[in-house]
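Subject: Structure handover

Hello,

Here is the structure I promised to pass on. Please open it first, then read my notes below.

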Amino acid sequence: GRGAVHARLRVEGAAHCTLREGRSRGVTALTVGRMEARDSKRTTSTQYDEHNSADECDLHKNISTSNSLPNETLVPNLDSSDETSASKSNATVSESEVGKGEASLKSLDLTKASVVQVESPEGSASMDTESQPENSPPERIVGDIENVELNDSEIPFPTEYEKFWMVVEDNPQDFTGWTYLLQYVEQENHILAARKAFDHFLSHYPYCYGYWKKYADLEQRHDNVKQAEEVYRRGLQAIPLSIDLWLHYINFLKEILDSNWSERDGQIKSVFEHAVLASGTDFRSDRLWEAYINWENEKGNLEEVTRIYDRVIGIPTQLYNHHFQRFKDHIQNHLPKNIISSGNFIKLRQELASSNERFDNDGTPGHDPAAGIDINDPAQIVSEIENMRHRIIEIRQEIYNHNENEVGRRWTFEEGIKRPYFHVKPLEKVQLKNWKDYLDFEIENGTLERVVVLFERCLVACALYEDFWIKYAKFMESHCNESVRHVYSRACTVHLAKKPMVHLLWAAFEEQQGNINEARRILKTLEGSIPGLAMVRLRRVSLERRHGNIEEAEFLLEDAIKISKMPSEASFYAVKLARLLFKVEKSLPRARKVLVEAIDFDKESTKLYLNLLELEYNSDLKLNEENILNAFDKAISSTMPIETRVAFSQRKVEFLEDFGSDVKRLMVAYDDHQKLLKEQESSKRKAEDGSEEPEEKKQRSDAASVQLMSGDLQANQSAYNYNAWYQYNYPTPWSYGQYYPPPST
């Protein structure tokens with residue numbers, strides 16, 4: 001129930017806070033360096049290379065997990081003055097701190113800046129890549145919810161609820177069933193039923209932006225403001241790339257925060273900062289940047305507007321040219337001293353004075369630009385202002401030109417993305433190819449940050465395609481093992497719970513890292529999710545064998561034989577167990593016993609007889625002649641098709657010819673073989689006459705019987721592929737009838 005869920009969320013929320021406190025200073029320094037470089041000469045790549053090896057794991061984790069909103073900034077002033085006081089004291093970024101520009105960003109997780117999200121045009125199904133436990137609500141918010149929630153048993157659910165619920169409970173992958181359930185609870189306006197439905201749905205499909213918004217709106221309609229805020233926060237942790245969800249959350253804060261609260265603007269600004277840091281590098285993030293700029297303009301913070309433009313004109317976005325044009329309008333419509341910091345203003349005047357030789361080098365009174373004294377000539381004042389405006393734009397022009405080139409290199413790929421949001425319907429092949437080509441391009445030409453961001457974008461649209469998750473994990477193997485683990489975990493626990501290949505690769509990765517128990521857990525969980533899958537059981541067996549736990553390996557195979565639903569399945573595992581006993585434990589008697597018992601259960605399995613012969617052939621032929629002949633006799637006297645029994649009979653004759661110790665046995669075997677040939681010929685004649693259907697049509701043997709005569713044993717083929725040997729370079733097949741007279745009549 002919800003109580004257990006909230007208990008889990010409290011623990012993991014506390015763990016999340018601890019994780020944030022322990023993050024390395026190098027990550028913050030790296031990203032601040034990027035921001036400052038973007039403001040100047042775009043030395044981002046240099047800063048990145050200096051810290052790359054140390055920060056790769058933190059970079060990936062911060063981009064993909066989206067713990068970008070600190071808990072304190074998500075608990076706004078809602079009600080009483082006590083809450084106002086608490087919010088003020090707990091705010092991570094105050095209004096004054098934010099006003100300091102890039103320096104204030106050092107207190108935030110700036111490596112979230114690369115998270116990218118592309119929204120559905122309908123705003124219905126956008127999502128990121130994470131709904132793991134580490135993103136769960138903190139204890140403070142969960143506690144508030146638990147205090148106001150009623151027990152489900154106190155208020156009856158709507159009458160039709162159980163009918164809709166049973167559909168999705170039986171099949172959580174029934175997306176249509178979920179939509180009917182959610183539509184029903186919205187219509188009924190039953191908050192407890194809605195919470196249960198939305199919570200379970202979003203645990204399976206965390207990338208569906210539209211349903212996070214519907215959930216929050218539902219809570220807000222019931223005047224559950226804190227619960228609505230908590231839903232927004234959970235949604236942003238699950239989909240940090242969602243531009244729409246960030247904008248809705250910001251509008252939500254604008255609506256509920258007390259306009260008289262002194263920290264209100266600082267609160268909203270901090271959320272804007274986290275939004276652009278989390279999703280501002282999205283190619284279609286223009287609406288978010290525009291909203292941020294417009295909000296700062298409304299507040300009259302012209303310097304902040306300039307700082308925001310400095311950041312966005314260096315980011316490849318769809319409307320990159322529009323941003324630069326608006327930036328130039330911003331410069332032309334305001335005095336330079338109002339749109340840049342005083343320090344930069346003085347430096348710019350000094351630079352212009354030096355270039356124009358307009359001011360004295362000794363800084364005489366009335367001509368000291370640092371003192372900010374105006375020139376007496378109005379024409380010179382206008383000229384200086386225009387020169388400063390020109391210089392401000394000129395400095396950014398270089399950044400814009402570089403950004404324009406980067407946009408051009410990626411424009412074709414971006415235009416090829418027709419469905420950037422999540423949906424359970426398959427993507428077209430051309431879409432999948434475009435994502436693959438785009439990733440290959442970015443891997444070859446981009447930085448680690450850009451590659452990770454593109455992978456995260458790709459996995460929104462391609463969340464149900466394990467090839468992209470595997471490609472992502474393989475790419476991260478050369479950068480950070482923890483990131484590889486994180487990718488596999490997200491894929492296997494949320495999106496691809498029933499896709500075996502990605503689970504097997506995750507288990508193999510953990511085994512390579514020495515995490516044997518974790519590898520065992522992954523494989524066991526997968527087998528519980530997809531019971532009866534042979535590749536999973538065999539991987540569990542091989543894991544135990546590699547680490548010397550032979551008894552457990554035997555037990556797994558024996559258990560597989562017992563729970564097999566078909567004789568052929570039991571035979572398959574019996575062969576594997578016999579090989580393990582013989583090859584690993586060197587126990588021929590135990591291996592023989594396994595195969596003999598399997599033959600008693602599945603008398604028509606050609607592979608069982610073949611593997612029994614292989615087993616006997618691999619021992620001393622002279623000492624083991626009796627057992628080899630017994631294996632042949634079992635096959636010849638079985639109920640397998642006549643063609644298969646004839647093949648085994650000829651093998652027996654060949655064996656006695658090559659290795660037999662008694663010529664009498666050879667002659668008896670030859671006579672028996674001739675009888676089988678006559679039986680086979682008689683069967684064929686009856687089929688030709690139409691009096692009897694040929695036996696091969698009555699009874700189909702498995703693929704091994706077809707390859708029997710070419711030596712379809714699993715080892716030492718040169719020892720038992722007699723037919724191929726005898727026919728080698730002979731004009732006609734070997735025939736014993738050429739050398740042995742037919743039996744007397």
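What follows is a short account of what was found, from the whole chain down to single residues.

Please keep in mind that this is a predicted model.

**The whole chain**

The chain has 37 helices and zero strands. It runs to 745 residues, and 51% of them count as buried.

**Helix 11 and helix 12**

Two packed helices are described by the angle between their axes and the distance between the axes. Start with helix 11, residues 225–238, and helix 12, residues 243–256. Their axes come within 10 Å and cross at roughly 155°. An angle over 145 degrees counts as roughly antiparallel, so helix 11 is roughly antiparallel to helix 12. The crossing is left-handed.

Which residues make this contact? Helix 11 brings Val225, Ala228, Glu229, Tyr232, Gly235 and Leu236. Helix 12 brings Leu245, Trp246, His248, Tyr249, Phe252 and Ile256. By class, the contact has nine nonpolar, two polar and one charged residues.

**Helix 14 and helix 16**

The next pair is helix 14, residues 286–298, and helix 16, residues 320–332. These two pack at an angle of about 15°, with their axes 11 Å apart. Angles under 35 degrees count as roughly parallel, so helix 14 and helix 16 are roughly parallel to each other. Helix 14 passes helix 16 in a left-handed crossing.

On the helix 14 side, the contact is made by Asp286, Trp289, Glu290, Ile293 and Asn294. On the helix 16 side, the residues are Tyr320, His322, His323 and Arg326. Sorted by class, this contact has three nonpolar, three polar and three charged residues.

**Ala291**

Ala291 also sits in helix 14. Its relative accessibility is 23%, and it counts as partly exposed. Leaving out residues up to four places away in sequence, Ala291 touches Leu247 and Phe272. Ala291 and Ile250 are 41 residues apart in sequence. In space, their C-alpha atoms are 9.7 Å apart.

**His673**

Is His673 buried or exposed? His673 is buried, because its relative accessible area is 4% and the cut-off for buried is under 20%. His673 lies in helix 33, residues 663–689. Not counting residues up to four places away in sequence, its contacts are Val646, Ser649, Gln650 and Val653.

Most residues other than glycine have a negative phi. Two residues are worth a look here.

Asp223 is not a glycine, yet it has a positive phi of about 65°. Asp223 is in the loop between helix 10, residues 209–221, and helix 11. At 66% relative accessibility, Asp223 counts as exposed.

Lys586 is not a glycine either, and its phi is positive, near 60°. Lys586 is in the loop between helix 28, residues 567–584, and helix 29, residues 588–601. Its relative accessibility is 64%, and Lys586 counts as exposed.

That is the handover.

Best wishes

Definitions and conventions. Residues are numbered from 1 along each chain as its sequence is written. This is a predicted model: local features need pLDDT of at least 70, side-chain atom pairs count only at pLDDT 80 or more; totals for chains, interfaces and linings use all residues. Side-chain values use heavy atoms; hydrogens and water are left out. Axes are lines fitted to C-alpha atoms, for helices over the stretch in contact, and angles run from 0 to 180 degrees between N-to-C directions. Helices (H or I, at least four residues) and strands (E, at least two) are DSSP runs, numbered from the N terminus. Angles under 35 degrees count as roughly parallel, over 145 as roughly antiparallel, 65 to 115 as roughly perpendicular and the rest as oblique. A crossing is left-handed if the near helix is turned anticlockwise from the far one by less than a right angle, and right-handed if clockwise. Contact means heavy atoms within 4.5 Å. Ala, Val, Leu, Ile, Met, Phe, Trp, Tyr, Cys and Pro count as nonpolar, Asp, Glu, Lys and Arg as charged, and the others, Gly among them, as polar. Buried means under 20% relative accessible area, exposed over 50%, partly exposed in between (1.4 Å probe, protein chains only).
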